[in-house]
Amino acid sequence: MSLYRNIVWFVKGMLEYTRSGFENNSKSFAAKDLDVSMVGRSLMITGANSGIGKATAMAIAKKGGTVHIICRNKERADRARDEIISASGNSEVYVHVLDLSESKRVWEFAEAFKREHTSLNVLINNAGCMEHQREINSDGMEKNFATNTLGVYILTKCLMPLLEKSRDPRVITVSSGGMLVQQLNAGDLQTERAPFDSTMVYAQNKRQQVVMTGFWAKENPSIHFSAMHPGWADTPAVATAMPQFYQMMGDRLRTAEQGADTVVWLAMSNAASAFPSGLFFQDRKPVSAHLPLAWTHSSQHEVKVFMRRLENLAVSVKPLETAVTS
């Protein structure tokens, strides 16, 4: 019976991830939730030169927010910035070039940003990658883990002091429904022992993001943390990482704007921050981060072991000058 319930729940969830799922769910959205001004508020969005990140940056810029877009490629980032400024009429859009897979550079960037800016109201961890072969970065870290998990950990932890002294601080992490089939595996964070399956590695990274979100919410009550699933969206990242899936889904994929809707809602609305910190959202609603009767829950001990290992890895790549001054 439990297997049947899981299959029914999973199939129902798959349908909700599509464009028609969004169109159906959006009928219950309250338009007034996004009837807010972001003037005077500063937001950072990683992976913002295309797809969901760019759509989020565009929506926030149109509301008057100061937007810091973090991208690997300066040319594409500058082009995105110009398009956002042109469409929004808001010139407060700033480009920062950073590859989140380079762990040491994430430390350096975050520490410099803290020194140069007096506030940051919202951090949106959107950037992600799915390398199909096991690759190692210059710090000796597996690239998917370095980008999707360790990069998020370092950036978020380093910027927490800046967030804490800002008004109504929020951290939003763009996860994925793929994590529903994964239980946290703190014993093989970089896929050194298990066979390398990029789809499962990505799903494990996304589970790790949700676990981090819940842990941080308990440890840092002054900041509102949330994770979310954007559904299946028509983005360059999906087309590149999963070309067969992309072609099969076609126009059933959500638009980038539909995928970004809950990110924008979590970043801007009072309705979102009224929910408890640490929840997992889909289409503006908190949803379970586990299938019914699933085996994917983790004990408090397992979570603490995971977070301790993340901290040790983060410290191991921290530049010496950063370690001294922070």
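**Figure 1. Aromatic rings in the predicted model.** Searching the whole structure, which is a predicted model, turns up 8 aromatic pairs. One aromatic cluster brings together Tyr153, Trp216 and Phe225. Two of its members return in the helix views below: Tyr153 of α6 is among the residues in contact with α12, and Trp216 of α7 also takes part in a contact with α12.

**Figure 2. A lysine over a tryptophan ring.** This view features Lys318 and Trp107. The charged end of Lys318 sits over the Trp107 ring, at 4.4 Å from the ring centre.

**Figure 3. Helix α6 meets helix α12.** Here we look at α6, residues 143–164, and α12, residues 300–316. Two packed helices are described by the angle between their axes and the distance between the axes. For α6 and α12, the angle is about 85° and the axes are 10 Å apart, so α6 counts as roughly perpendicular to α12. On the α6 side, the contact is built from Phe145, Thr149, Leu150, Tyr153, Ile154 and Lys157. Facing them from α12 are Phe306, Met307, Leu310, Glu311, Leu313 and Ala314.

**Figure 4. Helix α7 packs on α12 as well.** Helix α7 spans residues 198–219, and its axis comes within 11 Å of the α12 axis. The two axes cross at roughly 100°, which means that α7 is roughly perpendicular to α12. From α7, the residues making the contact are Gln208, Val211, Met212, Phe215 and Trp216. Val303, Phe306, Met307 and Leu310 make it from α12.

**Figure 5. Gln209, a buried residue of helix α7.** Gln209 is part of α7 and has a relative accessible area of 1%, so it is buried. Setting aside neighbours within four places in sequence, Gln209 is in contact with Asn148, Val152, Thr173, Val174 and Ser175.

**Figure 6. Ser226 in strand β6.** Strand β6 runs over residues 224–228 and includes Ser226. With a relative accessible area of 2%, Ser226 is buried. Once neighbours within four places in sequence are left out, its contacts are Val171, Ile172, Thr173, Thr213, Leu266, Leu279 and Phe281.

Figure 7. The structure has 0 disulfides. Cys71 is buried, at 2% relative accessibility. Cys129 is buried as well, with a relative accessible area of 15%.

Figure 8. Phe275 belongs to the loop between α11 (270–273) and β7 (279–282). Its relative accessible area is 30%, so Phe275 is partly exposed. Not counting residues up to four places away in sequence, Phe275 touches His224, Trp265, Phe281 and Pro286. For a sense of scale, Phe275 and Tyr246 are 29 residues apart in sequence, and their C-alpha atoms are 33 Å apart.

**Figure 9. Positive phi at Asp168 and Arg284.** Neither residue is a glycine, yet phi is near 50° at Asp168 and about 65° at Arg284. Asp168 is placed in the loop between α6 and β5 (170–174), while Arg284 is found in the loop between β7 and β8 (285–287). Is each one buried or partly exposed? Asp168 is partly exposed, at a relative accessible area of 29%, whereas Arg284 is buried, at 12%.

**Figure 10. Ala30 in the loop between α2 and β1.** The loop holding Ala30 lies between α2 (19–25) and β1 (42–46). Ala30 is partly exposed, with a relative accessible area of 27%. Ala30 and Ile223 are 193 residues apart along the chain, and 24 Å separates their C-alpha atoms.

Terms used
Residues numbered from 1 in each chain as written. Predicted model: local features only at pLDDT ≥ 70, side-chain atom pairs only at ≥ 80, totals over all residues. Heavy atoms only, no water. Disulfide = S-S within 2.5 Å. Buried < 20%, exposed > 50% of the residue type's maximum accessible area, 1.4 Å probe, protein only. Helix = DSSP H or I, 4+ residues; strand = E, 2+ residues; numbered from the N terminus. Contact = heavy atoms within 4.5 Å. Phe/Tyr/Trp six-rings, centres within 6.5 Å; stacked < 30°, edge-to-face > 60°. Lys NZ or Arg CZ within 6 Å of the ring centre and 35° of its normal. Axes fitted to C-alpha atoms, helices over the stretch in contact; angles between N-to-C directions. Parallel < 35°, antiparallel > 145°, perpendicular 65-115°, else oblique.
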